[in-house]
Amino acid sequence: MSKFLTGLAKGMATTGRTMVTHAHTQQYPHVQPDLPSRSRGVIALLEENCTSCMLCARECPDWCIYIDSHKETTPPETEGGRARQHNVLDRFAIDFSLCMYCGICVDVCPFDALFWSPEFEYADGDIRNLLHEKDKLGEWMPTVPPPEAVDPS
């Protein structure tokens with residue numbers, strides 16, 4: 001019986017301490033949180049850097065990146081040269097309902113087309129609205145912070 005009373009007294013003491021301490025609740029919608037620098041929020045796309053190489057889509061463990069492109073032929077710049085073909089990006093979409101925010105796509109992109117943006121307010125009540133196309137991904141590019149300075153030593 002004494003163990004029961006000791007446990008009850010300790011529990012009531014913890015409850016009493018909690019009741020008199022100030023809560024550290026942030027009033028989120030009205031007060032924006034102070035995010036750490038370089039925080040991961042959403043993946044942004046710099047469309048002009050994307051060459052449709054498909055590395056990000058192939059390396060994605062969740063298969064949540066969808067890319068469609070077509071080839072266009074560029075005429076030769078000099079006389080006697082040959083025409084070149086290059087990919088043109090038609091569709092670039094990320095399904096954030098599947099994404100696990102691992103960052104492999106950002107790391108593997110050889111052309112610096114994908115970046116982490118600290119933007120985090122893109123929640124939606126319908127899961128079907130979490131598929132964002134290249135225009136929406138491009139809107140987040142201005143929020144990408146500049147890269148940190150490289151230490152020369």
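**Entry 1: the model.** I worked from a predicted model.

**Entry 2: the core.** I looked up the largest nonpolar core, which has 28 residues. I wanted to know which members touch the most others. They are Ile43, Ile65, Phe92, Ile94, Phe96 and Leu114. I then checked where the core residues come from. At least two come from each of β1, α2, β2 (65-74), β3, α3 and β4 (114-117). β1 supplies the largest share, four residues.

**Entry 3: Leu114.** I picked Leu114 from that list and looked up its contacts, leaving aside neighbours within four places in sequence.

**Entry 4: aromatic pairs.** How many aromatic pairs are there? I found five. I wrote down two of them.

Phe96 and Tyr101 are stacked. Their centres are 6.0 Å apart, with 20° between the planes. Phe96 is buried, because its relative accessibility of 5% falls under the 20% cut-off. Tyr101 is partly exposed, at a relative accessible area of 27%.

Tyr122 and Trp140 make a tilted pair. Here I noted 5.6 Å centre to centre and 55° between the planes. This pair links distant parts of the chain, with its partners 18 residues apart. Tyr122 is in the loop between β4 and β5 (131-132), and Trp140 is in the segment after α4 (134-139). Is Tyr122 buried or exposed? Tyr122 counts as buried, at 13% relative accessibility. Trp140 is buried too, at 5%.

I then looked at how the rings join up. Phe96, Tyr101, Tyr122 and Trp140 are linked by ring pairs into a cluster.

**Entry 5: positive phi.** Most residues other than glycine have a negative phi. I noted two with a positive value.

Ser52 is not a glycine, yet has a positive phi of about 60°. Where does Ser52 sit? Ser52 is in the loop between β1 (42-45) and α2 (55-59). Ser52 is buried, with a relative accessible area of 5%.

Tyr101, already noted for its ring, also has a positive phi, near 55°. Tyr101 lies in the loop between β3 (84-95) and α3 (104-108). So I have a buried Ser52 and a partly exposed Tyr101 on this page.

Conventions. Residues numbered from 1 in each chain as written. Predicted model: local features only at pLDDT ≥ 70, side-chain atom pairs only at ≥ 80, totals over all residues. Heavy atoms only, no water. Buried < 20%, exposed > 50% of the residue type's maximum accessible area, 1.4 Å probe, protein only. Core = buried A, V, L, I, M, F, W, Y, C linked by side-chain atoms within 4.5 Å. Contact = heavy atoms within 4.5 Å. Phe/Tyr/Trp six-rings, centres within 6.5 Å; stacked < 30°, edge-to-face > 60°.
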